[in-house]
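Look at the sequence and the fold together.

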Amino acid sequence: MSTEAGTQANELRVTRREAMLQLLRVGGVAAGAAGLGVWLAERSRRPIPEQAQKARRDHRVAADAEWPQMTVAQFSTEMNASGEVPMAKAAEPRALVAQALANLGGIGRFVSKQDVVVLKPNIAWDRSPEQAANTNPELVAEVVRQCWLAGARRVIVTDVSCNEARRCFQRSGIMAAARAEGAEVVLPDPDNFREVDLGGVVLKNWPVFAPFLEADKVINLPIAKHHMLTGATLGMKNWYGILGGQRNRLHQQIHQSLADLASFMLPTLTLMDCYRVLVRNGPTGGNPEDVQLKKTIVAGTDPVAIDAYVAKAYWNLDAEQMPYLAMAAERGLGTVDFASFNVKVSRLG
């Protein structure tokens with residue numbers, strides 16, 4: 001490649017990357033986003049690495065060049081003719097989920113008949129949906145519904161909470177919303193953990209909540225939040241909620257711990273809840289003034305790229321500032337170069 005051609009390629013990469021970041025930062029698809037679909041029309045395939053250790057739970061589906069690796073679905077948060085920002089609506093997270101799944105090839109690409117599917121939202125905190133410390137309950141409910149449509153045999157919703165579990169499950173709204181769609185909502189039971197050799201650099205033998213060890217498919221449903229230690233808590237940080245034991249010990253080597261967890265639990269799919277984003281004072285939050293209404297879902301099959309994208313867009317954090325991203329990429333779990341992806345963008349409403 002000539003020097004001139006190389007410069008043009010780099011300029012295109014920067015333009016594409018900045019367009020993607022602007023897409024999330026403004027909270028709605030800007031007028032120029034129509035061109036984004038052209039810029040990101042390239043197809044690429046990343047081979048699925050061979051299973052590295054017996055302990056690893058690899059729930060990924062085969063790559064398919066027909067479908068994008070990542071999608072962004074949004075409702076506009078731009079001011080209307082009256083100068084008001086549209087309010088949150090209960091139906092919007094459900095519509096975003098349905099659109100995101102359609103963009104990725106449909107739920108049938110990820111869930112097969114008779115599958116036991118475990119959904120892993122963030123239900124860590126005794127907070128209401130408006131405080132954006134837990135995954136939006138309507139998002140969870142719609143994923144449950146979609147799994148039934150695909151013919152799943154069981155759909156389980158669970159997490160290992162930080163605050164008292166029953167209060168977290170109830171106040172988050174996730175228990176009621178998931179049960180209304182027919183899911184099994186499983187609270188963490190001290191007798192239902194198994195000691196597992198995670199095979200990590202930091203994480204060796206550790207208790208793992210049994211539903212995550214028995215699933216056919218695992219779908220990660222994190223919420224995008226600020227975090228005091230890592231800058232942001234996103235998809236890979238959500239795997240803390242599969243563990244028992246003294247998880248606070250993991251904070252001493254948090255980035256290596258996150259890479260170990262990401263190597264152990266490889267999800268079928270990640271749907272990142274960016275409907276309400278806790279931009280400050282995370283991960284527990286509590287003050288509605290720390291929450292921004294973005295009305296967005298970022299979904300896909302590369303958990304590293306999704307984390308890198310959302311971290312950069314909302315907190316201006318590069319991979320160098322979040323070492324676990326580079327560690328995960330080095331292990332073949334994904335790429336931090338989200339701008340290289342084919343991305344499908346949809347605006348609803």
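## Helices α9 and α10

The crossing of α9 and α10 is left-handed. A crossing is called left-handed if the near helix is turned anticlockwise from the far one by less than a right angle, and right-handed if it is turned clockwise. From α9, the contact uses V304, D307 and A308; from α10, it uses Y324, L325, A328 and A329. Contact means heavy atoms within 4.5 Å. The axes of the two helices come within 10 Å and cross at roughly 160 degrees. α9 and α10 are therefore roughly antiparallel to each other. Angles under 35 degrees count as roughly parallel, over 145 as roughly antiparallel, 65 to 115 as roughly perpendicular, and the rest as oblique. Axes are lines fitted to C-alpha atoms, for helices over the stretch in contact, and angles run from 0 to 180 degrees between N-to-C directions.

This model is predicted: local features need pLDDT of at least 70, side-chain atom pairs count only at pLDDT 80 or more, and totals for chains, interfaces and linings use all residues. Residues are numbered from 1 along each chain as its sequence is written, and side-chain values use heavy atoms, leaving out hydrogens and water.

## The buried face of α10

Which residues of helix α10 are buried? They are Y324, L325 and A328, in a helix that covers residues 323-330. Seen down the axis of α10, these buried residues fall within an arc of 105 degrees, so they line one face of the helix. The arc is that of the directions from the helix axis to the C-beta atoms. Buried means under 20% relative accessible area, exposed means over 50%, and partly exposed lies in between (1.4 Å probe, protein chains only).

What do the buried residues of α10 pack against? Their partners are α8 (254-264) and α9 (303-315). After α10 comes G332, with a positive phi near 80 degrees.

## Enclosed helix α8

In α8, 11 of the 11 residues are buried, so the helix is largely enclosed by the rest of the structure. Among them are I254, L258, L261 and F264.

α8 passes α10 in a right-handed crossing. Their axes come within 8 Å and cross at roughly 35 degrees. H255, Q256, L258 and A259 of α8 meet P323, Y324, M327 and A328 of α10.

## Helices α3 and α4

Two packed helices are described by the angle between their axes and the distance between the axes. For α3 and α4, the angle is about 45 degrees and the axes are 8 Å apart. The two helices are therefore oblique to each other. Their crossing is right-handed.

On the α3 side, the meeting residues are P93, R94, V97, A98 and L101. On the α4 side, they are E138, L139, A141, E142, V143, R145 and Q146.

## Backbone exceptions

Most residues other than glycine have a negative phi, and most peptide bonds are trans. Q114 is not a glycine, yet its phi is positive, near 75 degrees. Q114 sits in the loop between α3 (91-103) and β3 (116-121). A132 is not a glycine either, and its phi is positive at about 60 degrees. A132 lies in the loop between β3 and α4 (137-149). A132 is buried, with a relative accessible area of 0%.

Where is the cis peptide bond that has an omega of about 10 degrees? It joins G282 and P283. P283 is in the loop between β12 (269-278) and β13 (291-300).

T233 lies in strand β10, residues 231-233. Is T233 buried or exposed? T233 is buried, with a relative accessible area of 5%. Leaving aside neighbours within four places in sequence, T233 contacts I223, A224, K225, H226, H227 and P283. The C-alpha atoms of T233 and L278 are 9.9 Å apart, and these residues are 45 apart along the chain.

## The whole protein

The secondary structure comes to 10 helices and 14 strands. Helices (H or I, at least four residues) and strands (E, at least two) are DSSP runs, numbered from the N terminus. The protein has 349 residues, and 56% of them count as buried.

Among contacts between residues at least 6 apart in sequence, 75% join residues at least 24 apart. The protein exposes about 14300 Å², with 49% supplied by carbon and sulfur atoms. Accessible areas come from the Shrake-Rupley method with a 1.4 Å probe; for residues, only the protein chains shown count as cover.
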